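The entries follow after the display.

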Amino acid sequence: MSWRSTAAALMTCCLATAAHCPAVEQPAEPSVRYLPLDAPAGMSQAVVVQGQPLVYTRQLLPLDGDGKLVGDGSADRQIEQVLDNLEAVLDASGSSLGKLVRLNVYALSHQTADRVRELLGKRLDPAVRPAITVVLTPLPDRNALMAVDAIAVTAEKGTAVVLKRCESVVGDKDCADAAVLPGGGVAYLSGVPQQGGLAASAVARSLSTLLKTLDHLKLTPADVVQVKVFLSPASSADEVLAEVKRLFPGQLAPPVVFVEWIASVPVEIELVAQLPTTDEPAESIEYYNPPEMKPSPTFSRVALVRTDRQIYISGLSARAPGDGEAQARDVFAQLASILTETGSDMLHLAKATYYVSDDDASRAFDKLRPELFAPDRPPAASKVTLHGVGQPNRTLSMDMIAVGSN
């Protein structure tokens with residue numbers, strides 16, 4: 001079955017579902033619109049943000065002001081410390097917990113991840129329901145039970161990326177705790193995996209490839225707002241961070257996030273950068289592959305978002321256990337329905353992260369993406385094998401960022 005017929009079938013199904021729901025609002029929307037749909041309490045399946053600058057944080061661990069892990073073995077104490085740290089970093093960036101758009105939760109168990117959502121909910125107005133993605137992964141501090149990074153709306157205005165340090169939260173003095181992304185465009189660069197020794201070779205080659213791509217786009221390291229590193233093991237984070245700092249000379253290193261993956265190569269790195277606005281007419285999204293890289297039918301090397309309206313979709317897992325293909329088809333069906341609710345479609349996907357915990361799940365994503373994506377419009381993406389995904393008894397999950405289709 002071709003991508004056109006498969007995608008059409010998905011859209012027909014979700015349009016039938018949408019017929020029983022309120023129509024998507026086309027006039028002026030609020031700057032942040034939470035769409036809980038059938039998500040658990042305290043979170044939304046999608047969050048639509050329009051015309052607002054955003055703050056991206058680094059990964060935050062349950063460390064006190066002296067850099068010591070708090071609450072050894074106590075999930076609640078560690079969660080409260082992480083949320084305190086997140087609140088401080090957001091406050092220092094002109095934002096707050098009440099302006100959360102997306103929260104990525106890294107935990108050792110599903111129970112701890114669920115508890116994050118519960119304790120966060122106690123700090124938020126019930127109307128504030130961020131998109132949330134959960135993965136199970138060991139952390140850079142092996143005694144940490146969980147960590148987070150976040151995206152939130154900020155009141156700070158400007159035309160260039162601003163990197164922030166929060167003195168009340170322990171961290172590397174040469175690395176930003178957060179970056180303010182001005183309202184407007186954004187570039188999502190897909191993950192670049194590399195072989196070799198972890199710090200001196202693989203990290204340098206991966207980041208150098210990404211920075212070369214930025215140069216093709218007439219962007220610079222100063223435009224980067226977040227670097228995400230998939231590495232093995234996560235306990236090598238300090239070594240990796242030292243190399244990241246080296247490749248951002250003369251400035252704070254942008255916020256960095258670490259996820260332990262299971263792979264034959266030690267590292268893959270992706271990044272997000274500002275895409276300055278232009279007065280020239282342009283599509284809301286453009287897909288780009290550097291001339292020296294072979295295009296892929298399943299992902300674009302770069303997605304260039306040229307609109308100020310983005311749609312952040314929570315991590316989606318299958319609604320019932322099953323083999324990899326059954327789970328993947330259900331996840332994509334959920335995605336198509338959510339896109340319809342938010343005024344988007346499968347032709348306007350910007351950034352995907354595919355999380356898998358076995359080979360069957362990985363093959364399922366590989367099989368379905370060519371069916372569902374237009375060959376010249378696949379989103380930027382990373383596919384990551386890790387220790388566990390967002391729900392028990394599932395082997396894959398997916399989160400997505402999209403733009404409107406009109």
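**Entry 1: D330 and its surroundings**

I began with D330, which touches S317, A318 and R319 when residues up to four places away in sequence are not counted; contact here means heavy atoms within 4.5 Å. Before going further I noted that this is a predicted model, in which local features need pLDDT of at least 70 and side-chain atom pairs count only at pLDDT 80 or more, while totals for chains, interfaces and linings use all residues. I also noted that residues are numbered from 1 along each chain as its sequence is written, and that side-chain values use heavy atoms, with hydrogens and water left out.

I found D330 in helix α6, where helices (H or I, at least four residues) and strands (E, at least two) are DSSP runs numbered from the N terminus. Is D330 buried or exposed? It is buried, with a relative accessible area of 16%; the cut-offs are under 20% for buried, over 50% for exposed and in between for partly exposed, with a 1.4 Å probe and protein chains only. The side chain of D330 makes a polar contact with the side chain of R319 at 2.5 Å. For a polar contact I take a pair of N or O atoms within 3.5 Å, where within protein one must be able to donate a hydrogen and the other to accept it, and where residues adjacent in sequence count only if both atoms are side-chain atoms. I also looked up D330 against Q111, and these two are 219 residues apart in sequence and 24 Å apart in space, C-alpha to C-alpha.

**Entry 2: α6 against α7**

Staying with α6, I looked at how it packs. Helix α6 (residues 324-342) and helix α7 (residues 359-372) pack at an angle of about 45°, with their axes 8 Å apart; the axes are lines fitted to C-alpha atoms, for helices over the stretch in contact, and angles run from 0 to 180 degrees between N-to-C directions. That angle makes α6 oblique to α7, given that under 35 degrees counts as roughly parallel, over 145 as roughly antiparallel, 65 to 115 as roughly perpendicular and the rest as oblique. The crossing of α6 and α7 is right-handed, a term used if the near helix is turned clockwise from the far one by less than a right angle, and left-handed if anticlockwise.

On the α6 side the contact is made by G324, E325, A328, R329 and F332, and on the α7 side the residues include F365, L368 and L372. I sorted the residues of the contact of α6 with α7 into 7 nonpolar, 1 polar and 6 charged, where Ala, Val, Leu, Ile, Met, Phe, Trp, Tyr, Cys and Pro count as nonpolar, Asp, Glu, Lys and Arg as charged, and the others, Gly among them, as polar.

**Entry 3: Q59**

Where does Q59 lie? I located Q59 in the loop between β3 (54-57) and α2 (75-91), and its relative accessible area of 5% means that Q59 is buried. A polar atom of the side chain of Q59 lies 2.8 Å from the backbone oxygen of F258. Leaving aside neighbours within four places in sequence, I listed the contacts of Q59, among them Y106, L139, P140, D149 and F258.

**Entry 4: backbone geometry in loops**

L37 has a positive phi of about 50° although it is not a glycine, and L37 sits in the loop between β1 (32-35) and β2 (46-50). L37 counts as partly exposed because its relative accessibility is 40%. L37 touches Q45, I338 and E341, not counting residues up to four places away in sequence; L37 and E341 are 304 residues apart in sequence and 9.1 Å apart in space, C-alpha to C-alpha.

I placed N393 in the loop between β17 (380-385) and β18 (396-403), and N393 is exposed, with a relative accessible area of 65%. Last, I noted that the peptide bond from S232 to P233 is cis, with omega near -5°.
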